[in-house]
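Hi everyone, thanks for making time this morning.

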Amino acid sequence: MKTPILAAACGQLDRFAPWLAPLGLRILLAWEFFESGREKLHGENWFADLQGAFPFPFDQLPAALNWQLATWFELLGAACLLFGFGTRFAAASLLVLTVVATYAVHLPAEWGSLGDLAMGYAISDQGFGNFKLPLLFMAMLLPLLFIGAGRLSVDAVLARWYPSDPTAQPAVR
């Protein structure tokens, strides 16, 4: 049974959630993907060393093209997330990028049991895969993909100005 104070607090949280929850995810992810894209933009292409580890169809593309795609999807995707513009497309693109990176770079090269695989659920430079951070990014991208950018976004403004069905309520919450 909720007390009146708890009910009022929950009501306020419910009121601000569509504004702040997606915004928090967007800001954090935008920062992380921007940092990664900036490092690629100013760094050396090391994709040639692991081109064979990429899943199909990325293993069929030249390493230089994969490098450019990853760099610009991270930079432009970060900007889209930050402003909440084309958020679902950006989240889907960055999700694919993160899955490919996890498969090619972050999963352990060999593992014989779930215990071996679980050793890679870490953030370190000690081997065993280190797939914890990309897995967290994937989990954070999913709400943005399925729910959208939230009310404090360019997507929400565009949905109000240009509704796809004039009789329907905007889908952005």
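Let me begin with how elements are named: helices (H or I, at least four residues) and strands (E, at least two) are DSSP runs, numbered from the N terminus. What you see is a predicted model, in which local features need pLDDT of at least 70 and side-chain atom pairs count only at pLDDT 80 or more, while totals for chains, interfaces and linings use all residues. Residues are numbered from 1 along each chain as its sequence is written, and side-chain values use heavy atoms, with hydrogens and water left out.

Now, the overall picture. Of its 173 residues, 32% are buried, where buried means under 20% relative accessible area, exposed means over 50%, and partly exposed is in between (1.4 Å probe, protein chains only). The accessible surface comes to about 11100 Å², and 69% of that belongs to carbon and sulfur atoms; these areas come from the Shrake-Rupley method with a 1.4 Å probe, and for residues only the protein chains shown count as cover. As for contacts, meaning heavy atoms within 4.5 Å, residues 24 or more positions apart account for 61% of those with a separation of 6 or more.

Let's go inside. A nonpolar core is a set of buried Ala, Val, Leu, Ile, Met, Phe, Trp, Tyr and Cys residues joined through side-chain atoms within 4.5 Å. The largest one here has 23 residues, and those touching the most other members are Leu-29, Phe-33, Phe-47, Phe-54, Leu-81, Leu-94 and Leu-141. Helices α1, α2, α3 and α5 each supply at least two residues of this core, and α3 gives the most, with seven. Take Leu-94: leaving out residues up to four places away in sequence, Leu-94 touches Phe-33, Phe-73, Glu-74, Gly-77, Ala-78, Leu-81 and Leu-141.

Where does Phe-47 sit? Phe-47 is in the loop between α1 and α2, and with a relative accessible area of 7% it is buried. Again leaving out residues up to four places away in sequence, its partners are Lys-40, Phe-54, Ala-63, Asn-66, Trp-67 and Ala-70. The loop between α1 and α2 also holds Pro-57, and the peptide bond from Phe-56 to Pro-57 is cis, with omega near 5°.

Compare that with Tyr-121, in the loop between α4 (114-118) and α5. Tyr-121 counts as partly exposed, at 39% relative accessibility. Beyond residues up to four places away in sequence, Tyr-121 touches Phe-131, Lys-132, Leu-135 and Leu-136.

Last stop, the largest pocket, with a volume of about 880 Å³. Its lining has 33 residues, and the closest to its centre are Ser-36, Lys-40, Glu-74, Ala-101 and His-106. On a 1 Å grid over the protein atoms alone, where a 1.4 Å probe fits, a pocket is an open set of points with protein on both sides within 12 Å along at least five of seven lines, and lining residues have an atom within 4 Å of a point. Grid points are joined across faces, edges and corners, and the volume is the space filled by probe spheres set on the points. Nine lining residues, the largest share, come from α3.
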